[in-house]
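Thanks for coming. Please have a look at it before I start.

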Amino acid sequence: MSIGIIGAGEIGQAFAKQVVKAGYEVFLSNSRGPESLAPLVAKLGGKSKAVTVREAAAADIVFIALPWKHLKEAVADLPEWNGRIVIDAMNPIITPEFIVADLGGKTSSEVVSELVPGARVVKGFNTLTPAVLGSDPQIVGRRVIFISGDDAAAKAEVTRMNDKIGFATIDLGGLADGGKLHQFPGGPLPTLNLIKLP
């Protein structure tokens with residue numbers, strides 16, 4: 001299985017570290033092009049490769065971790081999603097002003113789902129800091145990743161990926177109700193670093 005990452009900031013890099021270590025084929029991309037990611041790919045090693053955003057978007061699972069203000073432009077001209085899984089790891093904050101985006105009463109992942117028609121969107125990996133996300137997920141137990149989504153099969157696939165990495169998954173339900181629980185700001189779960197004991 002291949003995993004594409006759109007956005008190579010701190011969250012994207014922390015996630016990349018985990019999936020590369022788990023043995024996945026990982027395609028990293030950003031707005032500046034593959035050449036700018038050469039040092040990161042050299043550091044990650046494994047089956048990691050720097051690619052264009054279009055190439056990353058063609059992977060089996062696509063992890064999006066962009067600043068919210070760049071999301072719409074970044075996904076505007078991508079190929080058809082055709083049922084591929086998109087993991088939304090973003091929070092609807094406009095930086096550097098730190099303004100909460102106007103979502104029209106929707107969760108951020110519902111907005112993402114509208115921007116990637118045909119994809120199966122799973123919200124996840126947005127509640128931990130990059131340092132925690134990139135650290136060993138197994139200490140005395142397994143670090144918890146919250147997910148939500150409207151497609152049960154997509155959530156099951158993300159859960160299998162998490163199991164391989166070493167995370168424990170807690171499914172919060174659909175994008176509307178579950179998404180509210182782990183969306184930042186507003187939800188009660190962001191920044192919680194929970195460990196599921198054996």
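Which residues make a nonpolar surface patch of about 400 Å²? The patch is made by Ile 139, Val 140, Ile 195 and Leu 197. Before I go further, note that this is a predicted model. Leu 197 sits in the segment after strand 11, which covers 195–196. At 58% relative accessibility, Leu 197 counts as exposed, because the cut-off for that class is over 50%.

For contrast, take Ile 147, which belongs to strand 9, residues 142–149. Ile 147 has a relative accessible area of 1% and is buried. Its C-alpha atom is 8.6 Å from that of Val 158, and 11 residues separate Ile 147 and Val 158 along the chain.

The largest pocket holds about 910 Å³ of space. It is lined by 36 residues, and the closest to its centre are Ala 65, Leu 66, Pro 67, Trp 68 and Met 90. Helix 1 has the largest share, at 3 residues. Sorted by class, the lining of the largest pocket has 19 nonpolar, 12 polar and 5 charged residues.

The second largest pocket has a volume of about 210 Å³. Which element gives the most to the lining of the second largest pocket? Helix 1 does, with 6 residues. Helix 2 (38–44) also supplies at least two residues there. The lining of the second largest pocket includes Glu 10, Gln 13, Ala 14 and Lys 17, and among the others are Leu 40, Lys 43, Leu 44, Pro 130 and Gly 134. By class, that lining has 5 nonpolar, 2 polar and 4 charged residues.

Next, the backbone. There are two cis peptide bonds to point out. One runs from Thr 95 to Pro 96, with omega near 5 degrees. Pro 96 is in the loop between strand 6 (93–94) and strand 7 (99–100). The other joins Phe 184 and Pro 185, with omega at about 0 degrees. Pro 185 lies in the loop between helix 8 (177–182) and strand 11.

That loop between helix 8 and strand 11 is also the place of Thr 191. Thr 191 is a residue other than glycine with a positive phi, near 75 degrees. Is Thr 191 buried or exposed? Thr 191 counts as exposed, at 61% relative accessibility. Asn 82 is not a glycine either, and its phi is positive, at about 50 degrees. Asn 82 is found in the loop between helix 4 and strand 5, which spans 85–88. With a relative accessible area of 65%, Asn 82 is exposed.

Last, the charged pairs. Side chains of opposite charge can pair when their charged atoms come close. The count in this model comes to 6 salt bridges. I will go through three of them.

Lys 123 and Asp 88 meet through their side chains in a salt bridge, at 3.2 Å from N to O. Lys 123 is in strand 8 (residues 120–124) and Asp 88 in strand 5, so this pair ties together parts that are 35 residues apart in sequence. Where do the two partners stand in terms of accessibility? Lys 123 is buried, with a relative accessible area of 1%. Asp 88 counts as buried as well, at 0% relative accessibility.

Asp 151 and Arg 120 form a salt bridge at 3.3 Å, N to O. Asp 151 lies in the loop between strand 9 and helix 7 (152–165), and Arg 120 lies in strand 8, so the pair links parts 31 residues apart in sequence. Asp 151 is partly exposed, with a relative accessible area of 26%, and Arg 120 counts as partly exposed at 27% relative accessibility.

Arg 142 and Asp 163 also meet in a salt bridge, at 3.3 Å from N to O. Arg 142 is in strand 9 and Asp 163 in helix 7, so parts 21 residues apart in sequence are tied together by this pair. Arg 142 has a relative accessible area of 25% and is partly exposed. Asp 163 counts as partly exposed too, at 41% relative accessibility.

Terms used: Residues are numbered from 1 along each chain as its sequence is written. This is a predicted model: local features need pLDDT of at least 70, side-chain atom pairs count only at pLDDT 80 or more; totals for chains, interfaces and linings use all residues. Side-chain values use heavy atoms; hydrogens and water are left out. On a 1 Å grid over the protein atoms alone, a cavity is a set of points where a 1.4 Å probe fits but cannot get out, and a pocket is an open set with protein on both sides within 12 Å along at least five of seven lines; lining residues have an atom within 4 Å of a point. Grid points are joined across faces, edges and corners, and a volume is the space filled by probe spheres set on the points. Helices (H or I, at least four residues) and strands (E, at least two) are DSSP runs, numbered from the N terminus. Ala, Val, Leu, Ile, Met, Phe, Trp, Tyr, Cys and Pro count as nonpolar, Asp, Glu, Lys and Arg as charged, and the others, Gly among them, as polar. Patches are made of residues with over 30% relative accessible area and no salt bridge: like charges are joined within 9 Å, nonpolar side chains (Val, Leu, Ile, Met, Phe, Trp, Tyr) within 5 Å. Accessible areas come from the Shrake-Rupley method with a 1.4 Å probe; for residues, only the protein chains shown count as cover. A salt bridge is a side-chain nitrogen of Lys or Arg within 4 Å of a carboxyl oxygen of Asp or Glu. Buried means under 20% relative accessible area, exposed over 50%, partly exposed in between (1.4 Å probe, protein chains only).
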